[in-house]
Amino acid sequence: MTADKLEARALTKHFGDLEVLHEVSANIREGEFVALVGPSGCGKTTFLRIVAGLETADGGAVEVDGRAISGPGRDRGFVFQSDSLLPWRNIFDNTIVGLELAGRISAEDLARTRKLLDLVGLKGFENYFPRQLSGGMRQRVNLARALAIDPELLLMDEPFSALDAQTREIMQVELQRIWEEGRKTVLFVTHQIDEAVFLSDRVLVFARRPGRILEEVEIDLPRPRTIATKRDPKFVTLVDHIWKLIEHDVRESVLFEHH
Amino acid sequence: MAYDKKPLVPLPFLRSGKTASGRVELEGYQVAIISVVVGLIGWQIFSDLVIANSLFLASPTQVLEALVSLSLSGELWAHVKTSAVEFLLGYAIAAVVGVATGLLIATSPFWKSWLQPWISGLYATPTVALGPLFILWLGIGIWSKVLVVVLLVVFAVTINTEAGIRSTSERYLEMMRCFGATPRQLFLKVSLPSATPFILAGLKLGIGRGLIGVVVAELFGSRLGLGRLIGQSADSFNMPELFAAVAILAASGILMNSAFSKLETRLVPWTKD
């Protein structure tokens, strides 16, 4: 058994003729917060979906705690880009849905879920319905729902990309605060470099065509980080460095592809 | 919530010093009531002064008289009861069969391919026209009418149920799969609640179609029923009784539709704002 929480070895994935991932390997330590950044089409989301078990790789292997994964499992909690809250369930029932699928809900589960909603700042909103909540609040539920199953690994797929700039900044600080509470192992996909640097212990920079890891960047900024951290010269240098790594790819994806 | 309050409707012709805008403003439902009353008065005046011949048009007061005398003689109740039984039996059968068939074809590709041509074909066919045939098969009693109602309602329900299950958002399904949902759980906890608004819409559509079915089937041949009352009134140029029957049908349609809307608000509140 390895000391790593997650080990991905030589993952390869094709969509038709396109090689989306080319022998991507990554190891994530227990309690580590790792971000994946890269231009669109670099395979970062595909990598995350393979780890989640939502896609299967054409080659390579993924192990969580030394066990090979073979599909979705409750050892991994997924935070979706679109919140995917069920509109007919209130906030509490949406949050507890993962535990409900696993079987009978214990009194302990109920108390835990209540505490989590409190942690993400939604105390008092248990009986509201998703349509009554703002985008930022819905993403908090999305996060609480993933945390409710107490996963070994938290997988986050651009969870703040649909939020406005101010809400996103607040949610980044909030996520850091929530993460400090439990220190889950997190794999966080984003296309925002500053978001990746702000949140992570380590950033995996992806390149495209084929999708591969270009560089691993250690982020040794002290925690807790605040909005002011983003003006720290060290922070700016790190963001700049990553931007230079992917600049060419980003230009290419913006200029020559129209999705 | 505060924004749930509906705005008042300004009346275009009247002015008053009481409101800020100088306009007379009423609740939406109050305007609707006034509209109906004005319509009835117009109808009354029209049938008293313009077409003052009860062989062509009955006035609201004549219709009301007919309603009273028909109910006092007990005749009306017999007609209403027969039609109601036919409608409710046919509607209940169609609802059960329709939802079941819709769920079946939504979950089984084989049954979808097998049944789809029949469902699409028969939904578009004016199956009321088969009423006379059903009287030959099932006799002049209620069952030939029940069958017409079933055929008119069932496909609307089936098609809506299937569409509802099929339109279940892939995002929800994937989220639940991610949390380890079994196919059974996906169906019960995602597809079914997600399809409920569609199923209710199909059932609501069925109310109007079912009422048409009852009346037309009875017109083809029956001993009792509101369609029968309409038929015999038309034959004897008794317009007040004809309108009385139509008024009862209209009232029951409106009543069932609004009861259904209430049910929707209770069962699928997330589709309402």
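Colleague: Which residue is the bridge partner of Phe78(A) in S7(A)?

Modeller: The bridge partner of Phe78(A) is Leu155(A). Please note that this is a predicted model, where local features need pLDDT of at least 70, side-chain atom pairs count only at pLDDT 80 or more, and totals for chains, interfaces and linings use all residues. Residues are numbered from 1 along each chain as its sequence is written, while chains are lettered from A and ligands numbered from 1 in the order in which they are written.

Colleague: How many bridges join S6(A) to S7(A)?

Modeller: There are 4 bridges between S6(A) and strand S7 (residues 153-157) of chain A, and the two run parallel. Strands here are DSSP runs of E with at least two residues, helices are runs of H or I with at least four residues, and both are numbered from the N terminus. Two strands pair if DSSP finds at least two bridges between them.

Colleague: What is the strand order of the open sheet with mixed pairing?

Modeller: The order is S6-S7-S8-S3-S9-S10 in chain A, making 6 strands. Strand S6 (76-79) and strand S10 (212-218) are at the edges with a single partner strand each, so one side of each has no neighbour in the sheet. On average, neighbouring strands of this sheet are turned by 20° against each other, direction ignored.

Colleague: And which order does the open sheet of 4 strands have?

Modeller: That sheet of chain A runs S2-S1-S4-S5 with antiparallel pairing. Its edges are strand S2 (18-29) and strand S5 (67-68), each having a single partner strand, so one side of each is left without a neighbour in the sheet. Helix H1 (residues 44-52) of chain A packs on this sheet and touches strand S1 (4-15), S2 and S4 of chain A. The direction of that helix makes about 120° with that of S1(A); axes are lines fitted to C-alpha atoms, for helices over the stretch in contact, and angles run from 0 to 180 degrees between N-to-C directions.

Colleague: What joins S1(A) to S2(A)?

Modeller: They are joined by 8 bridges and run antiparallel. Leu11(A) stands opposite Val24(A) in S2(A). The hairpin of these strands has 2 residues between them, and Gly16(A) takes a positive phi near 65° there.

Colleague: Changing topic: how many residues of chain B are in contact with chain A?

Modeller: In chain B, 12 residues are in contact with 19 residues of chain A, contact meaning that C-beta atoms, placed from the backbone, lie within 7 Å. Helix H7 (170-178) and helix H8 (183-220) of chain B each give two or more residues to that side of chain B. H7(B) provides the largest share, 6 residues.

Colleague: Is H1(B) largely buried or in the open?

Modeller: H1(B) lies largely in the open, because 1 of its 23 residues is buried. A residue is buried if 20 or more other C-beta atoms lie within 10 Å of its own, exposed if 12 or fewer, and partly exposed in between, with C-beta atoms placed from the backbone.

Colleague: How many residues of H6(B) are buried?

Modeller: H6(B) is mostly covered, with 22 of its 25 residues buried. Trp143(B) lies in this helix and counts as partly exposed, because it has 16 C-beta neighbours inside 10 Å.

Colleague: Where is the kink in H6(B) centred?

Modeller: The kink, of about 25°, is centred on Val153(B). The bend at a residue is the angle between axes fitted to the seven residues ending there and the seven starting there.

Conventions. Contact = placed C-beta atoms within 7 Å.
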